[in-house]
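Open the model in your viewer and keep the selection tool ready. We will go from stop to stop.

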Protein chains: 2
Amino acid sequence: MPNPLAHKLNCYVGLSEDDRMCLADAMSPSRMVAARTDIIHEGDDPRAINVILEGWACRYRQFANGRRQVVSLLLPGDPCDPHIFLLDEMDHAIGAITPVLLGQITGPAMRDLTARSPQLAMAFHREALATAAIQREWTVSLGSRTGIERLAHLFCELHARLAAIGLTDGNTCAMPMTQNDLGDAMGQTSVHINRTLQELRGMGLITLRSRRLTIHDPAALARLAHFDTAYLHLTEAGHAAAR
Amino acid sequence: MPNPLAHKLNCYVGLSEDDRMCLADAMSPSRMVAARTDIIHEGDDPRAINVILEGWACRYRQFANGRRQVVSLLLPGDPCDPHIFLLDEMDHAIGAITPVLLGQITGPAMRDLTARSPQLAMAFHREALATAAIQREWTVSLGSRTGIERLAHLFCELHARLAAIGLTDGNTCAMPMTQNDLGDAMGQTSVHINRTLQELRGMGLITLRSRRLTIHDPAALARLAHFDTAYLHLTEAGHAAAR
DNA sequence: CGGCATCTTGATCCAGCTCAACCAGCGTGG
DNA sequence: CCACGCTGGTTGAGCTGGATCAAGATGCCG
């Protein structure tokens, strides 16, 4: 598979062949992170931008009482920390859900890229805005959606995001999170996630087995979740990929 | 009061007198919006960046079933929609809580500003990142904090943000939201907000009367809320203002 | 084959919701 | 200047989604 970052950015702004080459050049040698370990710790002050090339990760906050809140999910092509080289220190950690392959773009390389290509600069900017929109939508989910709606919404979102980077197989995609992870993300117990999953299965909407998710009735699932792709801000290219 | 946007940006990056003047110049004539009306509707495609000069506003999503989720609060100095001129259409609305005085910076004026002053460019960038961090913290609140913790956290955050722009009077600050608004923001009923407020009052932590909030014991409130200012990413200037 | 992580299931409990009044302040028009 | 109506705050009673606690069941990996 080619660079998933290029694939993703292309969903926001059409990139030239030249842009893709620059992007590939800017990426320094990648490193591997084992599943269930931290990519970045809270309090770290790193210097380069990490990009997920393969695997899933999550931003999370850990509380003293053991409770963990997953704040967002990072999929292939997602930059982990576009901010980091601007802010003083991390206010959260990033952990690998599966084994993760990371690419890195140094601060200078990044400045060079965006200076050279306005397309790329625009694409990075839109990417950041779309990420913010996704974050807002999570806020909406946690604040206003019921358990089953939340989970349904998450599945809709994940499928759409994976589709945009070409990682779906029809209505099927990867779903490597444990029920515990899902609970941490949805602000619920794994016990309750379990029961909610059974309900979704019982309604014939999804199958989730051996870390693969199949959405049997996308329209019905989206209706249940009050899911509307608009907030993902995918352009034609992104939607075409999703089809 | 001088420009609250300058005040706020100065909390992220020290600005020169020149920077402040440029900023003031870039701001086109301001407009007034009545309380309880929309500043921007969902689906709009506006061209300029709105900045709150006076008053409070909120981003929100309205559901068909009448439920409303407030996704973030906008205080004086906050840009409403740094994104808008990049994305296709609004995925949420922005509504005025109090009467709001808006300034506007056009896209070209913005580009001009950031091209002329690297300090300003940096400040805007950090502002955006701090906003994202606040959004993540809301996700944490809705996902992991109990009712009383959530409300306590909101009060801590608001006081800190207002302090950074010089709008506090010791431990007292404005709090113009109705219990209904608070409910929409915290993903709870106004009835339950009411009872939670009584609990906070009963614990002697706060007074909230005639739209003014006083925090009697900031340390205790922060402890209850698991509040840690780090995520606001205020620099020395911001913290000094907060003191 | 044994050990550990994950998933299931059951029983009980409680934070927060719903529904339904009722009260208080305040702006408006007669 | 008062009566009225409206918005926002308060209170009570009963209900429920999801938490908690506890035990198994399943399945994967060394």
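**Stops along the DNA**

Select Arg201(B) first. An N or O atom in its side chain sits 3.4 Å from a phosphate oxygen of DNA strand D. That is a polar contact, here a pair of N or O atoms within 3.5 Å.

A word on the model: it is predicted, so local features need pLDDT of at least 70, side-chain atom pairs count only at pLDDT 80 or more, and totals for chains, interfaces and linings use all residues. Residues count from 1 along each chain as its sequence is written, chains are lettered from A and ligands numbered from 1 in the order written, and side-chain values use heavy atoms, without hydrogens and water.

Now select Arg195(B). One of its polar side-chain atoms lies 3.1 Å from a base nitrogen of DNA strand D. Move to Gly147(A). Here a backbone N or O atom is 3.0 Å from a phosphate oxygen of DNA strand D.

Next, show everything around DNA strand D. It is surrounded by 16 residues, each with a heavy atom within 4 Å of the strand. Among the closest are Thr189(A), His192(A) and Gln179(B).

Last stop: α4(B), residues 118–144. Is this helix mostly covered or mostly uncovered? Mostly covered: 19 of its 27 residues are buried, meaning under 20% relative accessible area (1.4 Å probe, protein chains only).

Methods. Helices (H or I, at least four residues) and strands (E, at least two) are DSSP runs, numbered from the N terminus. The expected span of a helix is 1.5 Å times one less than its number of residues. Buried means under 20% relative accessible area, exposed over 50%, partly exposed in between (1.4 Å probe, protein chains only). A polar contact is a pair of N or O atoms within 3.5 Å; within protein, one must be able to donate a hydrogen and the other to accept it, and residues adjacent in sequence count only if both atoms are side-chain atoms.
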